[in-house]
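Biologist: I am new to this structure and would like to go through it slowly, one topic at a time. Could you take my questions as we look at the model together?

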Amino acid sequence: MTLPEAVLGVMFVGLIAYGLFGGADFGAGVWDLLAGGTRRGAAQRALIEHSIGPVWEANHVWLIFVLVVLWTAFPSGFAALASTLYIPLTLAAFGMIARGAAFAFRKSVTGLGMRRFLGASFAVSSLVTPYFLGAIVGGVASGRVPPGIAAGDVVHSWVNPTSALGGVLAVLVCAYLAAVFLCGDARREGTDELAERFRVCALATAAVVGAVALGGFFVLRADAPLLFDGLIGRGLPVIAVSVVAGLVSIGLLATRRYALARLTSAPAVATVLVGWAVAQYPYLLPPALTIAEAAAGRTTLVAMLVALLVGSLILVPALIYLYVLFQRSTATAQHPGVPATAPAESGAPGP
Amino acid sequence: MDRVGYLLADATENLYPARMQMALSLGWHIIFSCFGVAFPAIVVFTEWRAHRRGNPELRELAHTWAKAMGVLFAAGAVSGTLLSFEMGILWPGLMEPFGEVFGFPFVLEGFAFFIEAIFVGVYLFGWDRMSPRAHMLSALPMVVSGMAGAFFVIAANAWMNNPTGFDLVDGRVVNADPVGAMFGPSTWPQFVHMLLAAYMVAGFTVASVYAVGMLRGRRDRYHRFGLLIPLSAAAIITPIQIGVGDWIANVVAENQPVKLAAMEGLYRTGTAVPLSLGGVYTDDELRGALEIPWGLSLLVTHDPNGLVVGLDSVAPELRPPVNVVHLSYNVMVGIGSALLVLAAWLGWSWWRRRRIPATPWFLRAVAVSGVGAIAAMEAGWVTTEVGRQPWIVYDVLRTAHAVSPAPGLYLGFYAVVAIYAVLTGLTVYVLRRLATRHDTPAPQEPVPAGPTEEVGVR
Ligand code: HDD
Ligand code: HEM
Ligand code: HEM
């Protein structure tokens, strides 16, 4: 493995983490949107709020991490991507702002009108952001982002069949992840009825994801032949793992083994991202800019790698501490002001 | 027009809105960053005093502040996300050649913010759930990482002011040394100045909330502590900040003489230069200014007859917009001096009588000091950033060459204005609620049992 590949690899770990943690967050927003009327959906929304309230902020920093590593280690790739795809990037960022703001303020307001506004902006942006992020991946993967500043078409780079596929898949996969995670959270909090509801949601979404993915093969063959060849060639083992993990997690869901379903749905989703990377290797921006060509100088890459390793030595224990703290608190909710029956934090919608 | 022609036309059209968009997003973000950097230390200090003295008012104060910190932190994180997109969306011509040189501190900053986000969550969640000692320990990473994050971002900005750590060969960047680039001549003075500014902003702003309460007749211990703790912190820092201001001005004079000339509205290079306050700069001359003889020469060279470089040292197109820079610089220094008077007033009264000055004028002054400190800080940033124009990287890259030529980019500016207007309204609304109703939960906090059902209602 070359030095640039090592740095890119670490960045990709960050991207997968964002896909899983951030993705589940977004998906929860989708279920918030679909929860139904004000009264009927209340319990479901409360569970969602509980599950991601304490951790959404940490979950979202992964994306920042991906961006800064990209612009330092692969500056020409980043500049090309950001300038050509500025429209979906801006819209995704607006979605993140709407979502973050809704989260930050929703708890503290009481007026129904304000609550409705914030709730709606939370839910809608949970659809918007993953869609545009998926569309960005589609634009890159189908070779529509040439190197150079604003060298690509600022509209067709993200309004095209592969981007549409990427966007739709991203939304669906987030929704699936969230439903699986929420099943476990609901059961732990003793609301079996909700768990049952999320289980049905998860199974239904899984069926749709499968159908879209199958249809996607035809889209890719027609629209992104280079990516398609990579996927059915070098990427085939990864796709196979993805399918198997997906099927296993569906089986576990069907038999209500939620904790295990969490464990298997994570690799099912992570391998989709890995498959994309493997299929377009060795290009950063196919078909013109390779990883090696886009990479920064050696000094920068070495400094990055050292920083990333040392940084994760501090970061990973802190993250684990955060998640463990919230998970454990379920058992010890008896506290002044917090009656034992209160549905305590369930913590990370994480694997 | 051929394609290149189109691109150039778009870049020209984009430049002004892009600069305004960057300025608006940064100017908004920086207010929240100040609280992210400085508030944790103030909150945990108050919590520590509360435990030491077993004082319920202090405890209540610390808890309310912790919640406000949660809201402010969330707003800061949200606005910061947009910033990191904007660096690429608006300025690809900066990131492409120089990302490998000055991108590195942003990576380290990423870690710092990550740690801070984690421990803000832990700290708010752990209120009442951890032992006091463990809880206060969990605040320590927040304090440290807030400071470290500020250092890294400032290092990136200081690099734009005084770029180091690379060589240019035929216009191409070679030998990029990201660590060297973090420690240019501006880094330390800018960092220290910003860190102190963050404490001043947080201290005066929080104190001003309680000053307003006391003016409305709520003079209980709760309000007195709420005023005194943050105000003392800010008051101790103010004189130091003004000393640091002198340091940073000297560094600017040495490394960016044109910026200093714009700050002072000085056209002609000369000796025994007076210090000019106020005035309007037209036709290469500052008119209507109050002049202090030898002042500038003394301040910059520590010699009344010292030589100070003026704007005439560079061609007209390499000069920044003088009036903006001069005015904002004067605003910063003016407010800084006024805050020093306020700090001295408090110090005098405390030294002689061990109490807050009794007159309502003092409370009125404190009530506006928060807005004042924020204005001083924003003015300082306008001085720094506009004073650097037309360079985005001083003496190396022009802002006009860094802006993205993507068609339609300028429309983003209007969207950003609208979004920030809504965001500002919401933030103010929620903070006011927090100030009046103490049971309002912060975003990272678990919701107490009662209103749980309501959370889902919308
Ligand atoms: C509460 C805030 C505050 C106060 C009271 C002051 N400043 Fe300041 N100043 C800042 C907040 C600030 C800042 C916002 O933090 C800046 C912008 C960039 C930076 O690093 O600090 C700044 C920049 C800045 C610069 C430009 C640095 C550059 O371009 O690199 C100079 C020369 C000074 N300051 C000097 C002063 C002096 C002489 C003051 C004496 C009264 C003073 N400042 C008070
Ligand atoms: C510390 C990190 C900061 C970085 C990396 C940074 C970076 C930039 C960049 C890239 C630009 C556009 C190019 C240019 O106009 O030169 C800019 C412009 C600007 N920034 Fe900053 N900035 C920082 C902090 C701030 C803050 C906190 C403010 C607060 C007000 C601010 C105010 C401005 C203004 C007013 C402009 C427009 C200047 C002009 O175009 O005339 N900056 N900054
Ligand atoms: C003087 C300049 C700056 C300071 C002191 C500063 C400080 C901070 C701090 C302390 C936070 C944590 C959140 C909070 O406390 O509100 C934060 C968040 C953030 N800042 Fe800034 N910032 C500055 C400028 C910038 C610039 C120029 C960028 C990007 C180009 C940036 C990007 C971010 C991002 C992405 C976050 C969110 C991280 C998260 O989600 O936790 N900041 N900033």
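Modeller: Let me begin with a term: a salt bridge is a side-chain nitrogen of Lys or Arg within 4 Å of a carboxyl oxygen of Asp or Glu. Please keep in mind throughout that this is a predicted model.

Biologist: How many salt bridges does a search of the whole structure find over all chains?

Modeller: Side chains of opposite charge can pair when their charged atoms come close. One salt bridge joins D223(A) and R144(A), whose closest N and O atoms are 2.9 Å apart, and this pair links distant parts of the chain, 79 residues apart, with D223(A) in helix α8 and R144(A) in the loop between α6 and α7 of chain A. Over all chains, the search of the whole structure gives a salt bridge count of five.

Biologist: How many salt bridges are counted between chain B and chain A?

Modeller: The two chains do touch, with 71 residues of chain B in contact with 86 residues of chain A, and the area buried between them is about 7,100 Å², of which carbon and sulfur atoms give 74%. Across this interface the rule finds six residue pairs in polar contact, both residues being at pLDDT 80 or more. For salt bridges between chain B and chain A, however, the count is zero.

Biologist: Which element gives the largest share of the side of chain B that touches chain A?

Modeller: On the side of chain B that touches chain A, at least two residues each come from α2, α3, α4, α14 and α15 of chain B. By class, that side has 46 nonpolar, 15 polar and 10 charged residues. The largest share, 14 residues, comes from α4(B).

Biologist: Why is the site of ligand 3 described as shared between chains?

Modeller: Ligand 3 is surrounded by 27 residues, and the closest are H29(B), I30(B), G36(B), G80(B) and F113(B). At least two residues of the shell come from each of α3 of chain A and α1, α2, α4 and α5 of chain B. The site counts as shared because the residues that surround ligand 3 come from chains A and B.

Biologist: Which helix gives the most to the shell around ligand 3?

Modeller: By class, the shell around ligand 3 has 17 nonpolar, eight polar and two charged residues. A nitrogen atom of this ligand is 3.0 Å from an N or O atom in the side chain of H29(B). The most residues in the shell, nine, are given by α2(B).

Biologist: Turning to ligand 1, how far is its nitrogen atom from an N or O atom in the side chain of H193(B)?

Modeller: Of the 24 residues around ligand 1, those that come nearest are H193(B), K259(B), M332(B), M377(B) and T384(B). An oxygen atom of ligand 1 lies 3.1 Å from an N or O atom in the side chain of Q190(B), and a polar side-chain atom of T384(B) is 3.4 Å from an oxygen atom of the ligand. For the nitrogen atom of ligand 1 and the side chain of H193(B), the distance is 2.8 Å.

Biologist: What kind of aromatic pair do W345(B) and F362(B) form?

Modeller: The structure holds 33 aromatic pairs over all chains. Planes over 60 degrees apart count as edge-to-face. The rings of W345(B) and F362(B) have their centres 5.1 Å apart and their planes at 80°, so the pair is edge-to-face.

Methods
Residues are numbered from 1 along each chain as its sequence is written. Chains are lettered from A and ligands numbered from 1 in the order in which they are written. This is a predicted model: local features need pLDDT of at least 70, side-chain atom pairs count only at pLDDT 80 or more; totals for chains, interfaces and linings use all residues. Side-chain values use heavy atoms; hydrogens and water are left out. A residue is near a molecule or strand if one of its heavy atoms lies within 4 Å of it. A polar contact is a pair of N or O atoms within 3.5 Å; within protein, one must be able to donate a hydrogen and the other to accept it, and residues adjacent in sequence count only if both atoms are side-chain atoms. Contact means heavy atoms within 4.5 Å. Buried area is the accessible area (1.4 Å probe) that two parts lose on being put together, summed over both. Helices (H or I, at least four residues) and strands (E, at least two) are DSSP runs, numbered from the N terminus. Ala, Val, Leu, Ile, Met, Phe, Trp, Tyr, Cys and Pro count as nonpolar, Asp, Glu, Lys and Arg as charged, and the others, Gly among them, as polar. Rings of Phe, Tyr and Trp (its six-membered ring) pair if their centres lie within 6.5 Å; planes under 30 degrees apart count as stacked, over 60 as edge-to-face and the rest as tilted.
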